[in-house]
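Please open the model in your viewer, keep the sequence panel beside it, and follow the stops below in order. At each stop there is something to select and then something to look for.

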Amino acid sequence: MNAKQPDLNAYWMPFTANRQFKESPRLLTKADGMYFTDDQGRQVLDGIAGLWCVNAGHNRPRIVRAIQEQAAELDFAPPFQMGHPKAFELASRLAEITPEGLNRVFFTNSGSEAVETALKIALAYHRARGEGHRTRLIGRERGYHGVNFGGMSVGGMVANRKMFGTLLSGVDHIRHTLDIQRNAFSVGLPAHGAELADDLERLVALHDASTIAAVIVEPIAGSAGVLLPPQGYLKRLREICDKHGILLIFDEVITGFGRTGQPFAAQTFGVTPDLMTVAKGLTNGCVPMGAVFARQSIHDTFMQGPAHLIELFHGYTYSAHPLACAAGLATLDTYADDQLLTRAGEMAGHFAEELHSLRNEPHVIDVRNFGLVGGVELTPRPGEPTKRAFSVFLDCWEQGVLVRTTGDIIALSPPLIASRDDLSRMVAAIRTALRRLA
Ligand code: PMP
């Protein structure tokens, strides 16, 4: 054990098998560019942009400087009935790159908070228009929308829900879009399954459209294992929402800020939601921050009453925190300087080729990719305590490559600065691990 290792007992780690971890901890002490350094001084290639967030790579000087300078200049400003210039500046800069019409920005501190905020805006919007009977929220099986009560309720990852009882009432779920039988090893968006969007019509028939406020989906479901939207699926979902006056919310916490080859997946897939949640890449992971982008007409609905009244009774102490705003502005500059928001599109071909070269490796039953996000699904091993994918994760870590696993799926979401060699090395590590496992 490393002499400098801290006492590990007090820290209750999130989404971690604490006891197992503390027996053989993996501690990161530094990061630069594509690499972490661990407490043994080993370099570890970052295959997942930290946690789908460090899109511009680690330790970007412009962002670091902006945070340092901001801390010395204005460390905090109350966000209620007060403002500071960078909050307005960041919102305006974001509105320049959001999908058309989504030009109003509400700041939060995380993706989970962005989701809660979007759901609350949806409910309040309908009430403000005299449609307060629209209270039902629809999510999707295997969706992930953070861990707070709204997001957990509309979320569809069973393990994240089952410990916590009944959750919010008035929530329902449409079917997820993974269909390995029909779509295994599709390169890019799968051909089959647009009709799965019609599952929303089933819920409309069951509950009546007049009771439904909003539908929330990730354009690409990340945390559940990179589940891609079949070709035409999102467009169909948009059409059904329009037909029934239901708001469509895209959760772009993972897909936002360049992951799919455009600033947002909504643009890549040509479907514009009414509300959009982002976080992660918003500050390159440097300072916690999330946001909701709202269609201007939704925002303006709240602006009808007397001007001296608060329009939306919602917000956080750290909404639009000066450090986060400074980091966000410097992150946008960095993305622009290096043209990172479109780079995933340029690297997608090589990434797809590499990833799909795993198709004949042991245990691989599906490979999925889009832009710079990918998933490799392995045969399940029912009854065994450790999933194969987790063994691959551990082996890759030993090889000096950080990947992520969820269930039987290995996920990659490299920083958008990754070179072709970096991408090849990530896949090579997975290949080595799979062969050793076999
Ligand atoms: N929504 C999506 C789609 C996410 O992937 C995540 C986090 N992985 C969240 C929400 C929650 O974000 P946070 O962990 O910042 O609360």
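Begin by selecting strand β12 together with strand β15 (residues 409–412), which pair with each other in the antiparallel sense over four bridges. Two strands are said to pair here if DSSP finds at least two bridges between them, while the strands themselves (E, at least two residues) and the helices (H or I, at least four residues) are DSSP runs, numbered from the N terminus. Within this pair, Gly374 stands opposite Leu412 in β15.

Before going further, please note that this is a predicted model, in which local features need pLDDT of at least 70 and side-chain atom pairs count only at pLDDT 80 or more, whereas totals for chains, interfaces and linings use all residues. Residues are numbered from 1 along each chain as its sequence is written.

**Around β12**

Is β12 enclosed or open to the outside? Six of the six residues of this strand (residues 373–378) are buried, so β12 is largely enclosed by the rest of the structure. A residue counts as buried if 20 or more other C-beta atoms lie within 10 Å of its own, as exposed if 12 or fewer do, and as partly exposed in between, with the C-beta atoms placed from the backbone. In a regular strand the side chains alternate between the two faces of the sheet. For β12, Val373, Gly375 and Glu377 lie on one side and Gly374, Val376 and Leu378 on the other, and both faces are covered.

Widen the view to the open sheet of four strands, whose order is β11-β12-β15-β14 and whose pairing is antiparallel. At its edges stand β11 and β14 (404–406), each with a single partner strand, so one side of each is left without a neighbour in the sheet. The twist averages 20 degrees from one strand to the next.

**A second sheet and a covered strand**

Next, select the open sheet of four strands with the order β1-β2-β3-β13, where the pairing is mixed. Its edge strands are β1 (28–32) and β13 (401–402), each of which pairs on one side only. β1 and strand β2 (residues 35–38) pair in the antiparallel sense over four bridges, and Leu28 stands opposite Asp38 in β2.

Move on to strand β4 (residues 104–108), which is mostly covered, as five of its five residues are buried. Arg104, Phe106 and Thr108 on one side and Val105 and Phe107 on the other are all buried. Five bridges join β4 to strand β10 (residues 290–294), and the two run antiparallel, with Phe107 standing opposite Ala291 in β10.

**The ligand**

Which residues lie closest to the ligand? Of the 14 residues that surround the ligand, the closest are Ser110, Gly111, Ser112, Gly146 and Val253; a residue is taken as near a molecule if its C-beta atom, placed from the backbone, lies within 6 Å of it. The largest share of this shell, three residues, comes from helix α5 (residues 111–128). By class, the shell has five nonpolar, seven polar and two charged residues, where Ala, Val, Leu, Ile, Met, Phe, Trp, Tyr, Cys and Pro count as nonpolar, Asp, Glu, Lys and Arg as charged, and the others, Gly among them, as polar.

**Helix pairs**

For the last stop, select helix α3 (residues 61–73) and helix α13 (residues 322–337), which pack at an angle of about 155 degrees with their axes 8 Å apart. That angle makes α3 roughly antiparallel to α13. Axes are lines fitted to C-alpha atoms, for helices over the stretch in contact, and angles run from 0 to 180 degrees between N-to-C directions; those under 35 degrees count as roughly parallel, over 145 as roughly antiparallel, 65 to 115 as roughly perpendicular and the rest as oblique.

Finish with helix α14 (residues 343–356) and helix α16 (residues 420–437), which pack at an angle of about 20 degrees with their axes 9 Å apart. That makes α14 roughly parallel to α16.
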